[in-house]
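Dear colleague,

I am passing on the structure below, and my notes on it follow. Please read them alongside the coordinates.

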Amino acid sequence: MRARLAPLVATGTVPCGRCNELIGAEEKWELDHRDDGRGWLGPSHQRCNARAGWEKMVETVNGNGGAVPESPYRWSRRWNEEPPVGTEVLLGGGLVEVHVGRGIWQTVSQ
């Protein structure tokens, strides 16, 4: 989807799905998800998409007693907790281990 939209966005005539301002031909942009998670919102400025994600996280935190997640999450210092699903550990030689949950790691090539 992003590859199909890239030539159009590169014209500088496509509005951001978040702020409605035009995305400049050389500006960084992302294919943004809808806030409800049901499909694509469309092209958005990278900064607008990041801000929307941050605002959603803050909203979640405020509804969670104010617990703010670490950024970056330092799972290596948590001896009794599992890292978040998707945590990657670079093994070298083009191999990465990815945490898939419940103490299970999968080795994949980069």
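Contact here means heavy atoms within 4.5 Å. This is a predicted model, in which local features need pLDDT of at least 70 and side-chain atom pairs count only at pLDDT 80 or more, while totals for chains, interfaces and linings use all residues. Residues are numbered from 1 along each chain as its sequence is written, and side-chain values use heavy atoms, with hydrogens and water left out.

Leaving aside residues up to four places away in sequence, Asn49 touches Glu30, Asp32 and Ser44. Asn49 lies in helix H2, residues 46-62 (helices are DSSP runs of H or I with at least four residues, strands runs of E with at least two, numbered from the N terminus). Asn49 counts as buried because its relative accessibility is 19% (buried means under 20% relative accessible area, with a 1.4 Å probe and protein chains only). Its side chain also makes a polar contact of 2.4 Å with the side chain of Glu30 (a pair of N or O atoms within 3.5 Å, one able to donate a hydrogen and the other to accept it; residues adjacent in sequence count only if both atoms are side-chain atoms).

Ala52, also placed in helix H2, is buried at 16%, and its C-alpha atom is 8.2 Å from that of Arg18, 34 residues apart along the chain.

Elsewhere, an open sheet of 3 strands runs in the order E3-E4-E5 with antiparallel pairing (two strands pair if DSSP finds at least two bridges between them). Strands E3 (88-92) and E5 (104-109) each have a single partner strand, so one side of each is left without a neighbour in the sheet.

Best regards

Notes
Buried means under 20% relative accessible area, exposed over 50%, partly exposed in between (1.4 Å probe, protein chains only).
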